[in-house]
Amino acid sequence: MIKQYLKVKRISEKGRGVFSQRKIPSGTLIEESHVIVLSAEDRKLIDKTLLHDYIFEWEDPENDKKERRCCMALGLVPIYNHSYQSNCEYFMDFEEETMQIKTVRDVEKFEELTINYNGDWNNEKEVWFEVEGN
């Protein structure tokens with residue numbers, strides 16, 4: 001499920017991003033997409049490719065946390081850009097193997113929708129591409 005009012009646009013300094021074509025209230029589920037869960041072995045291979053920038057940690061609390069699994073989200077999920085004060089947050093459903101994107105505040109018409117790659121919408125820990133860029 002992806003809301004019809006979400007549109008992907010090119011942004012010169014970021015590549016692509018997801019934008020809303022209408023105002024969205026806080027707490028709105030705007031996307032629920034399936035994921036493909038990858039093993040720790042698969043992740044080692046993906047980490048050597050461009051796909052590394054589009055995967056998410058998949059640490060199912062019911063499974064061994066030492067296994068560094070990841071997932072490739074389908075839908076628009078990999079296209080949301082990062083912000084430390086994002087207007088959306090993502091949630092993982094390990095049983096259903098899905099990810100949901102919900103707004104954490106009101107979003108204005110034509111505003112870019114962002115997530116915090118650290119998981120929590122306001123987590124200010126440096127993300128990998130900023131650490132590597134230093």
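The legends below describe close-up views of a predicted model.

**View 1. Asn-87 and its polar partners.** Asn-87 sits in the loop that joins strand 6 (81-82) to strand 7 (88-93), and with a relative accessible area of 1% this residue is buried. Its side chain makes a polar contact with the side chain of Glu-111 at 3.1 Å, and the side chain of Asn-87 also reaches the backbone oxygen of Glu-112 at 2.9 Å. When neighbours within four places in sequence are left aside, the residues in contact with Asn-87 include Lys-102, Thr-103, Val-104 and Arg-105, as well as Leu-113 and Thr-114.

**View 2. The largest nonpolar core.** This core has 21 residues, of which Leu-6, Ile-30, Phe-56, Tyr-80, Met-99, Ile-101 and Leu-113 touch the most other members. At least two residues of the core come from each of strand 3 (29-38), strand 5 (70-73), strand 7, strand 8 (98-103) and strand 9 (112-115). Apart from this core lies another, of five residues, among them Leu-38, Ile-46, Cys-70 and Met-72.

**View 3. The surroundings of Met-99.** Leaving aside neighbours within four places in sequence, Met-99 is in contact with residues including Phe-56, Trp-58, Cys-71, Ala-73, Val-77, Tyr-90 and Phe-91, and its contacts also include Glu-31, Glu-32 and Ser-33.

View 4. Leu-50, Leu-51 and Tyr-54 make a nonpolar surface patch of about 300 Å².

Notes: Residues numbered from 1 in each chain as written. Predicted model: local features only at pLDDT ≥ 70, side-chain atom pairs only at ≥ 80, totals over all residues. Heavy atoms only, no water. Helix = DSSP H or I, 4+ residues; strand = E, 2+ residues; numbered from the N terminus. Buried < 20%, exposed > 50% of the residue type's maximum accessible area, 1.4 Å probe, protein only. Polar contact = N/O pair within 3.5 Å; in protein donor to acceptor, adjacent residues only side chain to side chain. Contact = heavy atoms within 4.5 Å. Core = buried A, V, L, I, M, F, W, Y, C linked by side-chain atoms within 4.5 Å. Patch = residues over 30% accessible without salt bridge, like charges linked within 9 Å, V, L, I, M, F, W, Y side chains within 5 Å. Areas by Shrake-Rupley, 256 points an atom, 1.4 Å probe, with all protein chains shown as cover. Salt bridge = Lys/Arg side-chain N within 4 Å of Asp/Glu carboxyl O.
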